[in-house]
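Work through the exercises below with the structure in view. Each task is followed by a solution in steps.

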Amino acid sequence: MRWLTLYARSRQIPASLAAVVISAVAVGALARDDGGGPGDPRLPVLVLATGAMAVSIGLSGQDLALDRTAAIRWVPRRVAHVLLCGAVVGTVLLTVQAMGEDMATTAFVVRDSAGLMGLVALGAVLSGGQYAWTLPFAWLSFSFFAPPPTSAPMQVACWMLLPPGTAAGTWTAPVLAVAGTAAYAVAGPRR
């Protein structure tokens, strides 16, 4: 159990969890005053993206040389870390939502949480843990300001704002989740 505590502290999990909870509660409070209606996906996507970006810092350790000396193989540990972070980010939103305003369906939360964690993991591979947040931030920014997605490429680009059951969103999120998690598990964060 001691190794789990040390791992959590080295990956800044307590601070990341606090940031996830605070952002979800803040956006949940905004949802009560927002006139966007229950069908507006921007607030739940903002909660999920903020949570994914908050946990992204934990995708690399403090000392890369020390990380390489671990007795446990890194591939399963990295996969578990990404999956657990995605589950926590989605669960926090669903919990805040259960206590107040209904912002999104469970299918929407699961899809976007998985896709955003895949983007974060891919960002860690490309830019390192400290800059892993940039890829989901850039994609989210584009999605918020892009014109309405009428063509298939624009639907893929705006997947996180599409309603659940939309083919482009349903396929883009798992592809990003699997590709990002696999790349991170095998290659690890950029050094």
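**Exercise 1.** Find the partner of R111 in a salt bridge, and decide whether the two residues are buried or exposed.

Solution. The side chain of R111 meets that of D112 in a salt bridge, at 2.9 Å from N to O. The term requires a side-chain nitrogen of Lys or Arg within 4 Å of a carboxyl oxygen of Asp or Glu. The structure holds 1 salt bridge. Next, R111 counts as buried because its relative accessibility is 9%, and D112 counts as buried because its value is 0%. Buried means under 20% relative accessible area, exposed over 50% and partly exposed in between, with a 1.4 Å probe and protein chains only.

The model is predicted: local features need pLDDT of at least 70, side-chain atom pairs count only at pLDDT 80 or more, and totals for chains, interfaces and linings use all residues. Residues are numbered from 1 along each chain as its sequence is written, and side-chain values use heavy atoms, with hydrogens and water left out.

**Exercise 2.** Check the span of helix α6.

Solution. Helices here are DSSP runs (H or I, at least four residues), numbered from the N terminus. Helix α6 covers residues 106–127, which is 22 residues. The expected span is 1.5 Å times one less than the number of residues, so α6 should span 32 Å. Its end C-alpha atoms are 31 Å apart, which agrees. After α6 comes G128, with a positive phi near 95°.

How values were computed. Helix = DSSP H or I, 4+ residues; strand = E, 2+ residues; numbered from the N terminus.
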